[in-house]
Amino acid sequence: MGRPENEVDQTVPARAALAEYLRERRRAAGLTYSQMSEAQGGWLSKATFERAASGSTVPAWDTIEQFITVTLTEFDVFGPEVLLTRGHELWVRARRATRAPYYVHKSPDPTLIADTAGLLRALRHQHVWAGYPTPGEMESMAGTGMLPKTTTRRIIAGDTLPVDPPQALAFLRACYVQGETELERWLAAAVRALQGDPTRSKDVSKWVKAHREMARQAKKKALAPVTPLHDQEQQQAA
């Protein structure tokens, strides 16, 4: 029998919660850290998995993803998507707790944005709220050419706004703003802000178009769960 595992470091509660979740996954799978490393071909070492579940650090998302994937069992009835989603939520909270300034207490509300300065400030706060993803991580999430690291650094530093709607959406998605409804609210804020800025108002038409399209997608998605149910009721009535 191996030596008992050290207690989870409770210094940062959000970081500890992530570590506890990972330990639960390992116990459910009945694997040692060495077996976990072997199961995924040694890409991550035993020490890396141990450190990830220690509570003393917030590992990279790739490590968390591998940890959860390698500990999946046939008894995980909800499947990997639910487990990874929960892990990601805990990971973001841990990063936020260890990286975000004390004054960022909640995610920014795009409905309160009135001008370009407010838009840029809100984008920066969203980046903080997302747990400070690095420009490299964001570029990878956005896809080739969508969000260059140099541009991302300038947005994060408060030096510039996204150049167009696709770049703004790439930035927001890389900061974990998910869903058409939330993205529509941000695009509406961008339209408001740019319309009031004489230096940027000439570009507003493409933002208006992007906002209308996102609003259409949001409405379509909101109605999607209703339509199949309606069709089913019609079929049963027939």
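**A helical model, question by question**

Colleague: Which helices do the buried residues of α5 pack against?

Modeller: Happy to start there, keeping in mind that this is a predicted model. The buried residues of α5 include Leu83, Leu90, Trp91 and Val92. Their packing partners are α1 (13-29), α4 (61-70), α6 and α7 (135-142).

Colleague: Let's step back to the whole chain. How many helices and how many strands does the chain have?

Modeller: Along the sequence the pattern reads α-α-α-α-α-α-α-α-α-α-α-α. The C-alpha atoms fill a box of roughly 70 × 60 × 30 Å along the principal axes. The count for the chain is 12 helices and 0 strands.

Colleague: What percentage of contacts between residues at least 6 apart in sequence join residues at least 24 apart?

Modeller: For context, buried residues make up 42% of the 238 residues in the chain. Among the contacts between residues at least 6 apart in sequence, the share joining residues at least 24 apart is 62%.

Colleague: Which element gives the most to the largest nonpolar core?

Modeller: This core has 53 residues, and those touching the most other members are Leu18, Leu22, Phe67, Trp91, Leu119, Phe171 and Trp186. With 8 residues, the element that gives the most to this core is α10.

Colleague: Leaving out residues up to four places away in sequence, which residues does Leu22 touch?

Modeller: Leu22 is among the core residues that touch the most other members, and so is Phe67. Beyond its sequence neighbours up to four places away, the residues Leu22 touches are Ala52, Ala53, Ile64, Phe67 and Ile68.

Colleague: Now for α9. How many of its residues are buried, and what covers them?

Modeller: α9 is mostly covered, with 8 of its 10 residues buried. They are Pro165, Gln167, Ala168, Leu169, Ala170, Phe171, Leu172 and Ala174. What covers them includes α6, α7, α8 (149-157), α10 and α11 (204-223).

Colleague: Which residues line the largest cavity?

Modeller: A search of the whole structure finds 1 cavity of 30 Å³ or more, and the largest cavity has a volume of about 60 Å³. By class its lining has 9 nonpolar, no polar and no charged residues. The lining residues are Leu119, Leu123, Pro162, Ala168, Leu172, Trp186, Leu187, Ala190 and Trp207.

Colleague: Which element supplies the largest share of the lining of the largest cavity?

Modeller: At least two residues of this lining come from each of α6, α9 (165-174) and α10. The largest share, 3 residues, is from α10.

Colleague: And the second largest pocket: which lining residues are closest to its centre?

Modeller: The second largest pocket has a volume of about 180 Å³. Of its 16 lining residues, the closest to the centre are Ser107, Gln126, Trp129, Tyr176 and Val177.

Colleague: Which element gives the largest share of the lining of the second largest pocket?

Modeller: The elements that give two or more residues are α5 (79-99), α6 (116-129) and α10 (180-195). By class the lining of this pocket has 9 nonpolar, 3 polar and 4 charged residues. Its largest share, 3 residues, is from α10.

Colleague: What is the phi of Tyr176?

Modeller: Tyr176 sits in the loop between α9 and α10, and is one of the residues closest to the centre of the second largest pocket. Although Tyr176 is not a glycine, its phi is positive, at about 65 degrees.

Colleague: Is Tyr132 buried, partly exposed or exposed?

Modeller: Tyr132 lies in the loop between α6 and α7, and its phi is also positive, near 55 degrees. Buried needs under 20% relative accessible area and exposed over 50%. At 27% relative accessibility, Tyr132 therefore counts as partly exposed.

Technical notes
Residues numbered from 1 in each chain as written. Predicted model: local features only at pLDDT ≥ 70, side-chain atom pairs only at ≥ 80, totals over all residues. Heavy atoms only, no water. 1 Å grid on protein atoms, 1.4 Å probe; cavity = no way out; pocket = protein on both sides within 12 Å on 5 of 7 lines; lining within 4 Å. Points joined across faces, edges and corners; volume = space filled by probe spheres on them. Helix = DSSP H or I, 4+ residues; strand = E, 2+ residues; numbered from the N terminus. Nonpolar A, V, L, I, M, F, W, Y, C, P; charged D, E, K, R; others polar. Buried < 20%, exposed > 50% of the residue type's maximum accessible area, 1.4 Å probe, protein only. Contact = heavy atoms within 4.5 Å. Core = buried A, V, L, I, M, F, W, Y, C linked by side-chain atoms within 4.5 Å.
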